[in-house]
Amino acid sequence: SRISLKSLQDILPKNKFIRIHKSFQIPIDKISSFTKKEIHQLDGKRAFPIGRQYQNEIYKILKKK
């Protein structure tokens with residue numbers, strides 16, 4: 001696909017997806033745990049880095065869940 005991640009972010013439901021890095025946007029319901037620097041998937045096979053500019057917003061959103 002030739003769509004930018006920013007454009008995709010505007011299309012996807014904001015209450016179901018979260019931008020965590022300049023290269024990653026993931027579904028919130030697939031997150032099993034998180035630290036200040038990374039997010040882990042439910043299956044435990046992969047950890048995604050959290051970009052510094054996204055840390056505060058991610059923490060606010062995931063703290064509520």
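**Exercise 1. Which strand and which helix each supply at least two residues of the lining of the largest pocket?**

Before we start: this is a predicted model, where local features need pLDDT of at least 70, side-chain atom pairs count only at pLDDT 80 or more, and totals for chains, interfaces and linings use all residues. Residues are numbered from 1 along each chain as its sequence is written, and side-chain values use heavy atoms, with hydrogens and water left out.

*Step 1.* A pocket is an open set of points on a 1 Å grid over the protein atoms alone, where a 1.4 Å probe fits, with protein on both sides within 12 Å along at least five of seven lines; lining residues have an atom within 4 Å of a point. Helices (H or I, at least four residues) and strands (E, at least two) are DSSP runs, numbered from the N terminus.

*Step 2.* List the lining: Gln9, Leu12, Pro13, Lys14, Phe17, Ile18, Arg19, Gln25, Tyr54, Glu57, Ile58 and Ile61.

*Step 3.* Strand S1 (17-21) and helix H2 (55-64) are the answer.

*Step 4.* The lining splits into 7 nonpolar, 2 polar and 3 charged residues (Ala, Val, Leu, Ile, Met, Phe, Trp, Tyr, Cys and Pro are nonpolar; Asp, Glu, Lys and Arg charged; the others, Gly among them, polar).

**Exercise 2. Work out how S3, S4 and S5 are connected.**

*Step 1.* Start with S3 (residues 31-34) and S4 (residues 38-41): they run antiparallel, joined by 3 bridges. Strands count as paired if DSSP finds at least two bridges between them.

*Step 2.* The link from S3 to S4 is a hairpin through 3 residues.

*Step 3.* Move on to S5 (residues 47-49), which pairs with S4, again antiparallel, over 3 bridges. Here Glu38 has Pro49 as its bridge partner.

*Step 4.* Check the turn. S4 and S5 make a hairpin with 5 residues between them, and Gly44 in that turn has a positive phi of about 75°.

**Exercise 3. Describe the overall fold and size of the protein.**

*Step 1.* Count the elements: 2 helices and 5 strands, in the order α-β-β-β-β-β-α.

*Step 2.* Compare the size with the globule rule (2.2 Å times the number of residues to the power 0.38, with the radius of gyration taken over C-alpha atoms). For 65 residues a compact globule would come out near 11 Å, and the protein has 11 Å, so the two agree.

*Step 3.* Finish with burial: 23% of the 65 residues are buried, meaning under 20% relative accessible area (1.4 Å probe, protein chains only).

Methods: Buried < 20%, exposed > 50% of the residue type's maximum accessible area, 1.4 Å probe, protein only.
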